[in-house]
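This briefing goes through one protein structure, topic by topic.

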Amino acid sequence: MKEDRGAREIAKAAEAIGDLLYRAVEATLEEPSPDPGRQATAQFVELDARAVPDGDGGPAQLMATLTLVRLLSLVREAVADRPDRVEEALGWITERMGKRYSARARYVTGVLESEADTADVPAKRQVLMSEFLPSLVWLLTGAVAVFGDGDLDWLRGLEAGTPTTASFLTGS
């Protein structure tokens, strides 16, 4: 009984984090800026500071990372026939947000490259520090803009019927 409640709480938290990430992508699509990604990250950091006051990172940031990597992996699989997919997504970021943000997002492009390169993405947190999660948001936004014509329903369609972040965390 206690295990079921814990799994439900994890699923609820993962859903809330996913919703916040979708809103950050949507806001960035509407008005290209680094701010929505940074604001979402600030909320995750705040939650983690309450849950793990002396920690570096925490469960909210971990769930956000897992969610973004999962979504970008779904994009990679959907556009596997586009060998320039990374440059296309980065091109959107460069054009709409600037070279600085494209350069930061380039650090996390492994997830759009291949499944093997995805394993290197979490290590980039040490390089990007507070810009790690926003860079993943910017990359996802660029991918949705280019491959999904800026339509979040395209991304939701990729996600439909796939295992959720919560299922990975709970083993269900």
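One aromatic pair turns up when the whole structure is searched; rings of Phe, Tyr and Trp (its six-membered ring) count as a pair if their centres lie within 6.5 Å, with planes under 30 degrees apart called stacked, over 60 edge-to-face and the rest tilted. The two partners are Tyr101 and Trp138, in an edge-to-face arrangement with 5.1 Å from centre to centre and 80 degrees between the planes. They link distant parts of the chain, since Tyr101 belongs to helix α5 (residues 99-106) and Trp138 to helix α9 (residues 132-147), 37 residues apart.

The model is predicted: local features need pLDDT of at least 70 and side-chain atom pairs count only at pLDDT 80 or more, while totals for chains, interfaces and linings use all residues. Residues are numbered from 1 along each chain as its sequence is written, and side-chain values use heavy atoms, with hydrogens and water left out.

**Overall fold**

- The protein chain has eleven helices and zero strands; helices (H or I, at least four residues) and strands (E, at least two) are DSSP runs, numbered from the N terminus.
- Along its principal axes, the C-alpha trace of the protein chain spans about 50 × 35 × 30 Å.
- Of the 172 residues in the protein chain, 44% count as buried; buried means under 20% relative accessible area, exposed over 50% and partly exposed in between, with a 1.4 Å probe and protein chains only.

**Salt bridges**

- Nine salt bridges are present in the structure, each a side-chain nitrogen of Lys or Arg within 4 Å of a carboxyl oxygen of Asp or Glu.
- Glu46 and Arg50 form one of them, with their closest N and O atoms 3.5 Å apart.
- These two residues, Glu46 and Arg50, are separated by about one helical turn because they stand four residues apart in helix α2 (residues 35-51).
- Glu46 is partly exposed at a relative accessible area of 48%, whereas Arg50 counts as exposed at 59%.
- Arg82 forms a salt bridge with Glu88, and their closest N and O atoms are 2.5 Å apart.
- Arg82 counts as partly exposed at 30% relative accessibility, and Glu88 counts as partly exposed at 24%.
- Glu131 and Arg104 form a salt bridge with the closest N and O atoms 2.8 Å apart.
- Glu131 lies in the loop between α8 (125-128) and α9 and Arg104 in helix α5, so the pair ties together parts that are 27 residues apart in sequence.
- Glu131 counts as buried at 11% relative accessibility, while Arg104 counts as partly exposed at 24%.
- A network of salt bridges links Arg38, Arg104 and Glu131.

**Two threonines**

- Thr67 is part of helix α3 (residues 59-78) and counts as buried at 4% relative accessibility.
- The side chain of Thr67 reaches the backbone oxygen of Met63 at 2.8 Å.
- Thr109 sits in the loop between α5 and α6 (110-113) and is buried, with a relative accessible area of 8%.
- Leaving aside residues up to four places away in sequence, Thr109 touches Val86, Leu90 and Leu139.
- The C-alpha atoms of Thr109 and Asp4 are separated by 36 Å, and the two residues are 105 apart along the chain.

**Positive phi angles**

- Met129, in the loop between α8 and α9, has a phi near 50 degrees, a positive value in a residue other than glycine.
- Met129 is exposed, with a relative accessible area of 62%.
- Asp149 lies in the loop between α9 and α10 (152-159), and its phi is also positive, near 55 degrees.
- Asp149 is exposed, with a relative accessible area of 70%.

Technical notes:
Polar contact = N/O pair within 3.5 Å; in protein donor to acceptor, adjacent residues only side chain to side chain. Contact = heavy atoms within 4.5 Å.
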